Amino acid sequence: MHPWPKPPGGPHYSVCHFCDTLHDATALPEGKAARCKCCGAVLYQNRPASLARANAFSISALILMVVVHSFPFLVMDAAGIRTSLNLASAAKALIHEGSPMLGIALAFFTIVTPLVLAGGLVYVCAPLLIGKKAPGAMIVAKWMNKTEPWNMIEVFLLGVLVSLLKLSKVADVHFGIGFWAFGALMLCMAAAVAGIDRDELWDRLEVAKR
Ligand SMILES: [Zn+2]
């Protein structure tokens, strides 16, 4: 078990994001959440086995990314021709077929952003399991925070499912291994990001040794 350490010195404060009430911020036991005394909103929480969870789900996400890019995402049969598609080839096709912005956006939101987020979480959280801080971990953590809102793999998956309804009228469409791996990747990314509270991660980085 890794208790949540607070940086030495203090006192530490936490402001409610909803009603701006200022609270004394103390370290919490595992599984507990601090709530605002005025509106009841969660201020910060110490999730159970947070570091181990964030690491396990991020590593799983990285492995699933390899599977997603190694196997077909969709296989289509139309007029006797079989076409298989994966994420990278779909982005490349969009760039070459006259929709470069869409292709770049697809690559950024579904390939680059999840990779930065999952890779960053492993880089920052794995050394923290033994109380160490990776070089530049603070900068990586800042970039992870900036990247998080741009991780849109669930939006993409929803878009694929909607467009499949239309595609199925003109072609025989099958899901490839890449598609199922992408679904599992979506769940792993959500679990990895939700695994550790940002305040907790920051405090752990503050007190960790190099
Ligand atoms: Zn409040």
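**Helix 2 against helix 3, and onwards**

Modeller: Helix 2 passes helix 3 in a left-handed crossing. Keep in mind that this is a predicted model.

Biologist: What makes helix 2 roughly antiparallel to helix 3?

Modeller: The axes of helix 2 (residues 87-96) and helix 3 (residues 100-128) come within 6 Å and cross at roughly 160°. Angles over 145 degrees count as roughly antiparallel, so helix 2 is roughly antiparallel to helix 3.

Biologist: Which residues of helix 2 and helix 3 meet?

Modeller: On the helix 2 side you have Leu87, Ala88, Ala90, Ala91, Lys92, Leu94 and Ile95. They meet Pro100, Leu102, Gly103, Ile104, Leu106, Ala107, Thr110 and Ile111 of helix 3. By class, that contact of helix 2 with helix 3 has 12 nonpolar, 2 polar and 1 charged residues.

Biologist: On to the strands. How do you know that strand 5 and strand 6 pair?

Modeller: Strand 5 (residues 74-78) and strand 6 (residues 81-85) share 5 bridges in the antiparallel sense. Pairing needs at least two bridges, so strand 5 and strand 6 count as paired.

Biologist: What is the phi of Ala79 in that hairpin?

Modeller: Ala79 takes a positive phi near 50°, in a hairpin with 2 residues between strand 5 and strand 6.

Biologist: Zooming out, which domains does the chain have?

Modeller: The domain assignment gives domain 1 (1-46) and domain 2 (49-207). Their C-alpha centres lie 30 Å apart.

Biologist: How many residues of domain 1 and domain 2 are in contact?

Modeller: 8 residues of domain 1 are in contact with 9 residues of domain 2. The domain 1 side of that contact divides into 4 nonpolar, 3 polar and 1 charged.

Biologist: How many helices and strands does the chain have?

Modeller: There are 7 helices and 7 strands. From the N terminus on, the elements run β-β-β-β-α-β-β-α-α-α-α-β-α-α. The C-alpha trace spans about 70 × 40 × 30 Å along its principal axes.

Technical notes
Residues numbered from 1 in each chain as written. Predicted model: local features only at pLDDT ≥ 70, side-chain atom pairs only at ≥ 80, totals over all residues. Axes fitted to C-alpha atoms, helices over the stretch in contact; angles between N-to-C directions. Helix = DSSP H or I, 4+ residues; strand = E, 2+ residues; numbered from the N terminus. Parallel < 35°, antiparallel > 145°, perpendicular 65-115°, else oblique. Left-handed = near helix turned anticlockwise from the far one by under 90°. Contact = placed C-beta atoms within 7 Å. Nonpolar A, V, L, I, M, F, W, Y, C, P; charged D, E, K, R; others polar. Domains from an automatic or database assignment.
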